[in-house]
Amino acid sequence: MALGNLSRRSFVLLASASAGALAPGAKAWAAGPSADPAALAASSPPLVRVRSASRSLPILAAIANQYFVKENLDVDYAQFVSSRPTFIQVDQREIEFIVSATDNAINYQLNPGNPAGRILDNVIVAAHDLGLGLALVGAAGYPTAESLRHQRVGVDVPHSGFGLPAEKIMLNAGLAAGTDYTLISAGSTPARFQGLLDGLWEAAIINAEGVVRAREAGLPVIGVVADTVQPYQGGMLASSRGWLQDNPGAAVRFLRAFIRGMTWVFDRRNRDAAIQLLVDDETSPELAAKIYDLNVAADGLSRRAALSPAGFRNVLELRAEFNGFELPQDLDLLASPQGGLYDLGYYREAVRSCGYRPASGARL
């Protein structure tokens, strides 16, 4: 990757689920016992729009292997620039699924003073990752937390999402947001990484391929979230409750293809094919290999898209530590299925009809 070209990079990736070639190692999956394959084939595929901050390898795999096509879904996939307008689009049913920080979904469901200014209709339906290498990275010349005193730290949204892990890392070093440094709302992971290169802030919390690119560029890693909060449910998949209730079949079929994409990524026999999905004009095969290895690392993707009970609880406790609930909350209740923050019924049906067993320790 040529760093000189990075500032001109478009961080929006558009992909059509009906256009991908079948990747090596793919299997011809049936529609599953919950759907009539003949009826599916005869019906017009519904449009399902999904957005993520960084490239989602499981979604790319599901597209390339035509898992969405086999589920009779027309999937429109792209990266978003900021989680706030994207969550609003989910609420307005302009987008069906969002891949974002677990804490964002919690904040938009519980706090009226969230960045949207009102409670939004969204619910977590599956896990995406355990942080994907989430780390606080400094710009050139800012190698430590102390060097960030009176400087700017880029986060997605202050006091939310991945902002809280950044605050935790800084607090462990004795620095408090608003007093010792300034939090800057900096958009998605690619935008936060670009801001490091452009001098818009002196540090940023980044993950996924952004943190791989940062390490390749020689930028200092100040703190890794996995060393601070373990486990941590970094990313999740959320949708509108209303859309889910009106489209349960499409929801299950989407999750089934997503889970198969996730499983395909973890199959080491598919490593070379998965790496090729990440190669483009700005991503060499060598860099793509490092991005793939991050995806399958211990703090990478969530196996079989299973929600980690301990990781989810840690997200709640981190928000509580920074007084992130506008009203008193019972964390035990919020962490349970009765808390309403997640609805895994569609996920359970998708796993069952895939013929998989739940991942070890999964919340079902």
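Modeller: A residue is called buried under 20% relative accessible area, exposed over 50%, and partly exposed in between, with a 1.4 Å probe and protein chains only. This is a predicted model, in which local features need pLDDT of at least 70 and side-chain atom pairs count only at pLDDT 80 or more, while totals for chains, interfaces and linings use all residues. Residues are numbered from 1 along each chain as its sequence is written, and side-chain values use heavy atoms, with hydrogens and water left out.

Biologist: How many of the residues of the chain count as buried, and how many helices and strands are there?

Modeller: Of 364 residues, 57% count as buried. The chain has 16 helices and 11 strands; these are DSSP runs numbered from the N terminus, with at least four residues (H or I) for a helix and at least two (E) for a strand.

Biologist: How should I read a salt bridge?

Modeller: Side chains of opposite charge can pair when their charged atoms come close. The criterion is a side-chain nitrogen of Lys or Arg within 4 Å of a carboxyl oxygen of Asp or Glu, and the structure holds 21 such bridges. In one of them, Asp 246 meets Arg 93, with the closest N and O atoms 3.0 Å apart. Asp 246 belongs to helix H10 and Arg 93 to the loop between helix H5 (83-91) and S4, so the bridge ties together parts that are 153 residues apart in sequence. Arg 93 is partly exposed at 34% relative accessibility, and Asp 246 is exposed at 53%.

Biologist: Where does the salt bridge of Arg 319 and Asp 103 lie, in which helices?

Modeller: The closest N and O atoms of Arg 319 and Asp 103 are 2.8 Å apart. Arg 319 is in helix H14 (residues 309-321) and Asp 103 in helix H6 (residues 102-110), 216 residues apart, and the pair links these distant parts of the chain. Arg 319 is buried with a relative accessible area of 2%, and Asp 103 is buried with 1%. There is also a network of salt bridges that links Arg 55, Glu 209, Arg 213 and Asp 280.

Biologist: Which side chain of opposite charge is nearest to Asp 129?

Modeller: For charge, Lys and Arg are taken as positive and Asp and Glu as negative, while His and the chain ends are not counted. Asp 129 is buried yet has no salt bridge, and the nearest side chain of opposite charge, Arg 192, is 10 Å away. Asp 129 lies in strand S5 (residues 123-129). Its side chain makes a polar contact of 2.8 Å with that of His 128; such a contact is a pair of N or O atoms within 3.5 Å, where within protein one must be able to donate a hydrogen and the other to accept it, and residues adjacent in sequence count only if both atoms are side-chain atoms.

Biologist: How do I read a strand and its partners?

Modeller: In a regular strand the side chains alternate between the two faces of the sheet. In strand S11 (residues 235-239), Gly 235, Leu 237 and Ser 239 point one way and Met 236 and Ala 238 the other, and all are buried. Two strands pair if DSSP finds at least two bridges between them. S5 and S11 run antiparallel, joined by 5 bridges, and Val 123 has Ser 239 in S11 as its bridge partner. Strand S4 (residues 97-101) also pairs with S11 in the antiparallel sense, over 4 bridges.

Biologist: In what order do the strands of the open sheet come?

Modeller: The 5 strands follow the order S8-S7-S9-S6-S10, with mixed pairing. Strand S8 (182-185) and strand S10 (221-224) are the edges, each pairing on one side only. From one strand to the next the twist averages 25°. Helix H8 (residues 189-198) packs on this sheet, touching S6, strand S7 (152-155) and S9, and its direction makes about 155° with that of S9. Contact here means heavy atoms within 4.5 Å; axes are lines fitted to C-alpha atoms, for helices over the stretch in contact, and angles run from 0 to 180 degrees between N-to-C directions.

Biologist: Which residues of helix H16 are buried?

Modeller: An α-helix has 3.6 residues a turn, so residues three or four places apart point the same way. In helix H16 (residues 345-354), the buried residues are Tyr 346, Tyr 347, Ala 350, Val 351, Ser 353 and Cys 354. They pack against S5, helix H10 (241-246) and helix H11 (248-266). Leu 255 of helix H11 touches, among others, Tyr 346, Tyr 347 and Ala 350.
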